[in-house]
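Have the model open in your viewer, with side chains ready to show. Follow the selections below in order.

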Amino acid sequence: VQGDFMELPFEKNSFQAAYAIEATCHAPDRVKCYKQVYDVLEPGARFVLYEWCLTDKFDPNNPDHQYMKKKIEEGNGLPDITTCTECYKAMEAAGFDMVEAYDYAEGYEAE
């Protein structure tokens with residue numbers, strides 16, 4: 001199936017599970033994109049998401065953080081990376097209940 005994740009071509013409650021890997025970060029409207037997924041899932045189904053997000057430790061006033069953010073966006077063709085917290089809020093606004101969230105940068109210390 002070829003489709004647009006902003007306008008999924010499936011009936012409501014069509015799937016028992018869904019996943020996305022580094023895809024929805026390209027969406028112009030995360031809430032609308034997540035809502036599309038939510039609507040095609042059966043009640044109680046799982047959506048697993050692996051996404052480019054900024055850790056909540058990101059400091060927009062830190063030039064090093066700004067540089068790394070820009071390089072990730074350029075290297076991955078991203079319009080703008082948002083924080084993990086903003087992604088969580090968008091998923092909840094779309095109707096999802098967050099079961100588990102994990103920040104792979106948590107506990108990492110740059111040398």
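Select Asp39. Asp39 is buried, at a relative accessible area of 18%; buried means under 20% relative accessible area, exposed over 50%, and partly exposed in between (1.4 Å probe, protein chains only). This is a predicted model, in which local features need pLDDT of at least 70 and side-chain atom pairs count only at pLDDT 80 or more, while totals for chains, interfaces and linings use all residues. Residues are numbered from 1 along each chain as its sequence is written, and side-chain values use heavy atoms, with hydrogens and water left out.

A salt bridge here is a side-chain nitrogen of Lys or Arg within 4 Å of a carboxyl oxygen of Asp or Glu. Lys35 is partly exposed, with a relative accessible area of 33%. Why can the two reach each other? Lys35 and Asp39 sit 4 residues apart in helix α1 (residues 30-40), so about one helical turn separates them. An α-helix has 3.6 residues a turn, so residues three or four places apart point the same way.

**Zoom out**

Color by secondary structure. The protein chain has 3 helices and 2 strands. Helices (H or I, at least four residues) and strands (E, at least two) are DSSP runs, numbered from the N terminus. Read from the N terminus, the order is β-α-β-α-α. The C-alpha trace spans about 45 × 25 × 20 Å along its principal axes. Of the 111 residues in the protein chain, 26% are buried.

**Helix α2**

Select residues 63-76. This is helix α2, with 14 residues. From first C-alpha to last it reaches 20 Å, close to the 20 Å expected at 1.5 Å a residue. The expected span is 1.5 Å times one less than the number of residues.

Step to Asn62. Asn62 caps the N-terminal end of α2, with a side-chain oxygen 2.7 Å from the backbone nitrogen of Asp64.

Inside α2, show Lys69 and Glu73. Their side chains meet in a salt bridge at 2.6 Å, N to O. The two residues lie 4 apart, about one turn of the helix. Buried or exposed, Lys69? Lys69 counts as buried, at 14% relative accessibility. Glu73 is buried too, with a relative accessible area of 14%.

**Helix α3**

Select Glu86 and Lys89. They form a salt bridge whose closest N and O atoms are 3.6 Å apart. The two residues are 3 apart in helix α3 (residues 84-93), about one helical turn. Glu86 is partly exposed at 38% relative accessibility. Lys89 is partly exposed at 48%.

Val31 belongs to helix α1 and is partly exposed at 32% relative accessibility. Along the chain, Val31 and Lys89 are 58 residues apart, yet 8.6 Å separates their C-alpha atoms.

How many salt bridges does the structure hold? The count is 8.

**Cysteines**

Show the sulfur atoms. The structure holds 0 disulfides, a disulfide being a pair of cysteine sulfur atoms within 2.5 Å. Cys33 is in no disulfide; the nearest cysteine sulfur, that of Cys25, is 9.7 Å away. Cys33 is buried, with a relative accessible area of 0%.

Move to Cys53. Its sulfur lies 3.4 Å from the closest cysteine sulfur, in Cys87, which is too far for a bond. Cys53 counts as partly exposed, at 22% relative accessibility.

**Nonpolar patch**

Select Tyr19, Ile21, Val48, Tyr50, Tyr102 and Tyr104. They make a nonpolar surface patch of about 790 Å². The elements giving two or more residues to the patch are β1 (15-21) and β2 (41-50). Patches are made of residues with over 30% relative accessible area and no salt bridge; like charges are joined within 9 Å, nonpolar side chains (Val, Leu, Ile, Met, Phe, Trp, Tyr) within 5 Å. Accessible areas come from the Shrake-Rupley method with a 1.4 Å probe; for residues, only the protein chains shown count as cover.

Last stop: Val48. Val48 is found in strand β2 and is exposed, with a relative accessible area of 54%.

Definitions and conventions
A polar contact is a pair of N or O atoms within 3.5 Å; within protein, one must be able to donate a hydrogen and the other to accept it, and residues adjacent in sequence count only if both atoms are side-chain atoms.
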